[in-house]
Amino acid sequence: MVKSKTEYVCQQCGRRAAKALGRCPQCGAWNSMVAEVVAPKRGRGPKVEISQPMRLMEIEGEDEDRIPLPIGEFARVLGGGVVPGSVVLIGGDPGIGKSTLLLQLALVLADQGSVLYISGEESERQIRNRVTRIIHDGAPEDLFLLTETNLEAITPAIERTSPIVVVVDSIQTTHTSELDSSAGSITQVRECASRLQALAKDSGVAVFLVGHVTKEGAIAGPKVLEHIVDTVLYLEGDNFHAYRLLRSVKNRFGPTTEVGVFEMGASGMEEVTNPSETFLAERVVDSPGSAIAVTMEGTRPLLVEIQGLTSATTFGHPRRTTNGVDFNRLLLTIAVLSRRVGLRLSDQDVFVNVVGGLRISEPAADLAVAAAIFSSMKDVPLPADVAFIGEVGLSGELRTVPQLSARMSEASKLGFQRVVVPKIDLSDDLRPEGLQVIQARSLREALAGFLGT
Ligand code: TYD
Ligand code: MG
């Protein structure tokens, strides 16, 4: 066998070199030379079978056969189930629950065929203990464990077990001996992922890769793999709250907007099938500074409590602190509250918090954020049965948001009697029965009804 060799390629200008260089001799960039495996050329003439173009109409198209996944919140994000031959990357901060979730996946899928769980991070014993935490006793017969980091040992193991699903935990600990760069480097991570991708395509096994989001952000983390794999999911949450959101950012076989909600419990990740109720469970009614927003997570509306607190600035600049809403949107909302509603916030510190550790990126929560700040400033609680939906514009106008009727139905379903929404033409069939819809043109008008501006 001809041994493949390693070359170094500048990531900036593409210049190749035989040795590792600190600086690119062509463009002068530092640390831009990255190792790459160059496959040896064998003989002459055409190396590949030439593929022929096909008529589109002659290609059979049927729905992908999916392996049903009994974890509903997970299946929702994947688009219904696991697609054989696909590669799914699950990214997330260390400790967020990736290994736990994938072990649970392995456990439930082992009923339908062999599953191979490969760990380069934990020992068999640690994994065994985790299994005991999740299912208490026993273990499915067809779940196989392998603690291995070398791709040259992993590939034959996959071929031998011929599983329906393989979990590789994590892609950063996996390495191939053909490259002399260390495990976790961009080259290693990319090379291993593309080989696993090829293996998945050839053999039809579905591969789940764990990718840690590294401190340096994009470097050698899940970002560099996004174009190689079929599906990219991120597990989000923080260490202070038990909620975890599984979000899809790329999916060749399903929607990219869906979100699965889980709660880290004593025996693994538990599905949260009624997230709104859960997020509102600890709400204290009749306390100033609390407002309910209705955000969309994928196709699912979610009611969350927004808390606002204002307190006189003791010295220097007034502070603005946010947890869960975009900082710049908060600044905008505060500016509109001062200029268009006449709320004097220039000598107030303002804190905004989304309860449950949730992060909201939608402007649709603007109105609720404004209402929470206003209510705290006036020290008057908002009625407990009102939810707020709407984006706030620079001139203080309320702007409409997508999927208004889905949001209103969710509020109504959870027992809210009133919603404040932007003024638009709203046909009667869009108004959920029994829900009082209060339409407002501006932020001022929206708040006046409750707090008297
Ligand atoms: P883990 O899945 O190891 O995270 P990752 O693979 O993303 O690094 O999750 C680790 C955390 O989850 C750890 O702090 C312990 C906690 N945990 C529970 O709270 N309950 C459980 O049943 C399990 C297995 C873990
Ligand atoms: Mg882990």
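Modeller: Let us begin with a definition: a disulfide is a pair of cysteine sulfur atoms within 2.5 Å. This is a predicted model, in which local features need pLDDT of at least 70 and side-chain atom pairs count only at pLDDT 80 or more, while totals for chains, interfaces and linings use all residues. Residues are numbered from 1 along each chain as its sequence is written, chains are lettered from A and ligands numbered from 1 in the order in which they are written, and side-chain values use heavy atoms, with hydrogens and water left out.

Colleague: How many disulfides does the count come to by this rule?

Modeller: The sulfur of C10 has its closest cysteine sulfur in C13, at 3.7 Å, which is too far for a bond. For C27 the closest cysteine sulfur is likewise in C13, and because the separation is 3.6 Å, this pair is also too far for a bond. By this rule, then, the count is zero disulfides.

Colleague: Is C10 buried or exposed?

Modeller: Buried means under 20% relative accessible area, exposed means over 50%, and partly exposed is in between, using a 1.4 Å probe and protein chains only. C27, with a relative accessible area of 39%, is partly exposed. C10 has 3% relative accessibility, so C10 counts as buried.

Colleague: How many helices and strands does the protein chain have?

Modeller: Helices (H or I, at least four residues) and strands (E, at least two) are DSSP runs, numbered from the N terminus. Counted in this way, the secondary structure of the protein chain comes to 10 helices and 23 strands.

Colleague: Which word describes the arrangement of α2 and α3 to each other?

Modeller: Axes are lines fitted to C-alpha atoms, for helices over the stretch in contact, and angles run from 0 to 180 degrees between N-to-C directions. Helix α2 (residues 98-109) and helix α3 (residues 124-135) pack at an angle of about 70°, with their axes 11 Å apart. Angles under 35 degrees count as roughly parallel, over 145 as roughly antiparallel, 65 to 115 as roughly perpendicular and the rest as oblique. The two helices α2 and α3 are therefore roughly perpendicular.

Colleague: Which residues of α2 and α3 make the contact?

Modeller: Contact means heavy atoms within 4.5 Å. On the α2 side the contact is made by S99, T100, L103, Q104 and L107, and on the α3 side by I127, R130, V131, I134 and I135.

Colleague: How many nonpolar, polar and charged residues are in the contact of α2 with α3?

Modeller: Ala, Val, Leu, Ile, Met, Phe, Trp, Tyr, Cys and Pro count as nonpolar, Asp, Glu, Lys and Arg as charged, and the others, Gly among them, as polar. Sorted by these classes, the contact of α2 with α3 has six nonpolar, three polar and one charged residues.

Colleague: How many residues does the contact take from domain 1 and from domain 2?

Modeller: Domain bounds come from an automatic or database domain assignment, which for the protein chain gives domain 1 (5-38), domain 2 (67-273) and domain 3 (278-451). The C-alpha centres of domain 1 and domain 2 lie 31 Å apart. The contact between them takes seven residues from domain 1 and eight residues from domain 2.

Colleague: Which residues does T187 touch, not counting residues up to four places away in sequence?

Modeller: T187 is in helix α5 (residues 186-203), and because its relative accessibility is 11%, T187 counts as buried. Leaving out residues up to four places away in sequence, T187 touches V34, A35, E36, L179 and S181.

Colleague: What separates the C-alpha atoms of A206 and V88?

Modeller: A206 is in strand β10 (residues 206-212) and is buried, with a relative accessible area of 0%. Among the residues A206 touches are V82, I164 and V166. Although A206 and V88 are 118 residues apart along the chain, their C-alpha atoms are separated by 7.8 Å.

Colleague: Where does Q403 lie?

Modeller: Most residues other than glycine have a negative phi, and most peptide bonds are trans. Q403 is not a glycine, yet has a positive phi of about 55°, and at 42% relative accessibility Q403 counts as partly exposed. Q403 lies in the loop between β21 (398-399) and α9 (404-413).
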